[in-house]
Amino acid sequence: MKNYLGALATFLYVVTYFLVGPWSSSIDLYISGFLLLAIGIPHGAGDHLIAAKIAQRENLTFHLRPFIVYYLGIMLAYAALWFVSPFLAFVIFIAISVFHFGDMEDVQPVESNKTWINLAQTLCLGAGILSFILLSHWSEAFEIISSMQVKVPPSLPKFSLLVSLLLLILGFQKKNVHPFFNTFFALVFGYFLPLIPAFICYFSCCHAITSFEGMRKHLKMKIVELYKKLILFSAGAVVLGIAYIKLATNNLQVYPIFIFLSLLTLPHFLLMHKLIKRPY
């Protein structure tokens with residue numbers, strides 16, 4: 001799919017930022033919040049549709065209510081882990097993000113004779129994407145991660161970003177040239193933005209849109225039809241997110257938003273992998 005929307009959106013953000021801005025960080029939060037609510041959250045709100053499709057494919061029955069209970073149970077258990085051991089929860093968050101970001105850059109099924117090669121390329125690509133965003137904005141990332149009660153070094157070697165670029169190169173697959181360069185250019189343009197808009201431009205305009213396309217294809221729906229089915233569950237996720245953030249902190253801060261995203265990601269990434277990469 002020749003889709004460069006993520007790169008274009010990030011480029012336009014950078015141009016506007018330098019022509020009109022730099023503006024208050026609150027404006028970045030408003031724009032990022034809009035992209036997260038409009039695209040980022042909805043792309044993960046179709047997990048009940050994915051689970052139903054997988055059950056149908058495997059000749060199993062699917063019931064929505066037990067699925068929701070199971071889904072919320074996983075989120076609750078992971079939330080408890082963040083409370084008991086923030087470091088372990090953070091490591092899990094990084095691991096599943098690396099796998100999921102790399103996995104959804106390619107919305108084609110895994111070739112059975114290239115499983116391990118595909119896994120290695122997936123991990124390299126996902127690690128390259130996430131590390132590039134974090135390392136190129138490390139002072140901001142350090143502040144957010146430290147707020148999660150996770151100890152990380154305040155500064156990193158200057159060559160760290162070269163490691164990210166190397167991982168991106170190792171994760172490159174010729175069959176995915178357009179998605180790869182869409183993400184690559186979004187990352188490069190995002191280098192010139194603060195951390196939050198740089199991450200959200202990738203997350204919403206690259207990762208989420210590619211995931212939408214994979215869902216649409218496998219669920220055999222038009223994009224508008226699919227989006228309509230996600231509105232109610234997206235609203236539910238937003239309500240849960242607001243409730244969690246209010247419980248986590250009295251003041252509006254960024255780090256609880258990322259923790260809540262981790263709670264959504266844990267059950268989501270396995271379903272997406274099974275639907276798209278293991279369709280048989």
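A disulfide is a pair of cysteine sulfur atoms within 2.5 Å. Good morning; I shall apply that definition to the structure before us. This is a predicted model, in which local features need pLDDT of at least 70 and side-chain atom pairs count only at pLDDT 80 or more, while totals for chains, interfaces and linings use all residues. Residues are numbered from 1 along each chain as its sequence is written, and side-chain values use heavy atoms, with hydrogens and water left out.

How many disulfides does a search of the whole structure find? The search finds zero. The sulfur of Cys 124 lies 19 Å from the closest cysteine sulfur, that of Cys 206, which is too far for a bond. For Cys 201, the closest cysteine sulfur is in Cys 205, at 5.4 Å, and that is also too far for a bond.

Is Cys 201 buried or exposed? Cys 201 is buried, at 1% relative accessibility; buried means under 20% relative accessible area, exposed over 50%, and partly exposed in between, with a 1.4 Å probe and protein chains only.

I turn now to Ser 131. This residue is found in helix α6, residues 115–135; helices (H or I, at least four residues) and strands (E, at least two) are DSSP runs, numbered from the N terminus. Ser 131 is also buried, with a relative accessible area of 17%. Leaving aside neighbours within four places in sequence, Ser 131 is in contact (heavy atoms within 4.5 Å) with Ser 136, Ser 164 and Leu 167. By contrast, Ile 68 is 63 residues from Ser 131 in sequence and 32 Å away in space, C-alpha to C-alpha. Thank you.
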